[in-house]
Amino acid sequence: MARAGAPAQFHAGPSRLTRLTEFGTNPGALLGHSYVPRDLPSVAPLVVVLHGCTQTAAGYDHGSGWSQLADRAGFAVLFPEQTRANNTNLCFNWFASEDTAQAGGEAESIAQMTETMIARHGLDRSRVYVTGLSAGGAMTMAMLATRPDLFAGGAVIGGLAYGTATGVSQAFDRMRGHGDTSDTALADAVRSGARGHDGAWPKLSIWHGAADATVNVSNADTIGRQWRALHGVDAEAVREEHSAAGMRRVWSDVAGRDVVEEWIVPGMGHGTPIDPSGDRLGKPGPFMLDVGISSTAMIAESWGLVSADEAAAVAKAAPERVAKRAIPVRGKAAAKTAPAPATGIQATIETALRAAGLMR
């Protein structure tokens, strides 16, 4: 699957998380961890966070800073975790249909954990959100597609659209930006996964590095097309914002509600954008990229968990740390351009994934 971790875990220190137990039948055989602030307000929101390949729940929390922000903003966090028995490289199995359906497999395990957290801590069912990096990002899309009634919004970082791969070969093709399909087919894949859902669709925030050589940046466009089709949003009805942090594009529905946003970060490779300087969030490490903007804070703002001023206090872009790179061509033209060959650590991970990481 999408390679979103390091060959060695980047955080071996103490965890801020607590093991989640007794959360259901757990058909996907996942582990669960949580973070609940000491003074959590009543009927608080919940954020579900999905790590990338070779990462752990505690390691991803350390790098992204989600539990830190939970202390400041007053929400609970759930961290499902993959096991090596399911996937050698700890990737969520986003490309396996049995793990991305409503019933059975990893998606149902994550839903069971989510329901348990809501009931156990008296959380606000209308403010439940999910986010993830790479394999976790692709599984984020699976959760939004199969449980649109459970999640009010999601954020995918370096991920892939739902229902576009059903095996190892297709997974690699999609990661490289190959095998594009129509907007109608993309939306139909989600509707099929949602099993007749006729309510509102969750809002979505899409993040991708312009220089991502692991999951081609064209995948961000594919995700956007899939979700705009579900919301019935005109692709041309977009507003754009340019800054040192990157390009942000936003689409609103007929009611004027922002339903899809896309961040393309110039010069950034494959990983989660963070800004650990000063009193900000997260710690740099493999695939936790210090580019001067905290995606954690900005995503939380897009969901209304923190105010714009609060997000700015922890996520103000530092232009000197953001590489000045041109934004790539969007859409199908970008999809036809293959990324540069993998080298170094990335090549090592790719070799391992080809050999076993995507296999049970």
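Here is a chat about a predicted protein model and a few of its helices and strands.

Visitor: Hi! What should I know about the model before we start?
Guide: This is a predicted model, where local features need pLDDT of at least 70, side-chain atom pairs count only at pLDDT 80 or more, and totals for chains, interfaces and linings use all residues. Residues are numbered from 1 along each chain as its sequence is written, and side-chain values use heavy atoms, with hydrogens and water left out.

Visitor: Great. How many helices and strands are in the protein?
Guide: The protein has eleven helices and twelve strands. These are DSSP runs numbered from the N terminus, with helices being H or I of at least four residues and strands E of at least two.

Visitor: And how much of the protein is buried?
Guide: Of its 360 residues, 59% count as buried. Buried means under 20% relative accessible area, exposed means over 50%, and partly exposed lies in between, using a 1.4 Å probe and protein chains only.

Visitor: Let's look at strands. Which strands pair with β7?
Guide: Strand β6 (residues 153-157) pairs with β7 in the parallel sense over five bridges, and strand β10 (residues 258-265) pairs with β7, also in the parallel sense, over six bridges. Two strands pair if DSSP finds at least two bridges between them.

Visitor: Who faces whom there?
Guide: I206 in β7 stands opposite V156, while W207 has W263 in β10 as its bridge partner.

Visitor: Is β7 mostly covered or exposed?
Guide: Mostly covered: β7 spans residues 203-209, and six of its seven residues are buried.

Visitor: What about A213, where is that?
Guide: A213 sits in the loop between β7 and α7. Its relative accessible area is 23%, so A213 is partly exposed. The C-alpha atoms of A213 and R176 are separated by 8.1 Å, with the two residues 37 apart along the chain.

Visitor: Switching to helices: how do α6 and α7 cross?
Guide: The axes of α6 (residues 183-194) and α7 (residues 218-231) come within 8 Å and cross at roughly 70 degrees. Axes are lines fitted to C-alpha atoms, for helices over the stretch in contact, and angles run from 0 to 180 degrees between N-to-C directions. The two helices are therefore roughly perpendicular to each other, a label for angles of 65 to 115 degrees.

Visitor: Which residues meet there?
Guide: From α6, D183, L186, A187, V190 and R191 meet T222, R225, Q226, W227, A229 and L230 in α7. Contact means heavy atoms within 4.5 Å.

Definitions and conventions
Angles under 35 degrees count as roughly parallel, over 145 as roughly antiparallel, 65 to 115 as roughly perpendicular and the rest as oblique.
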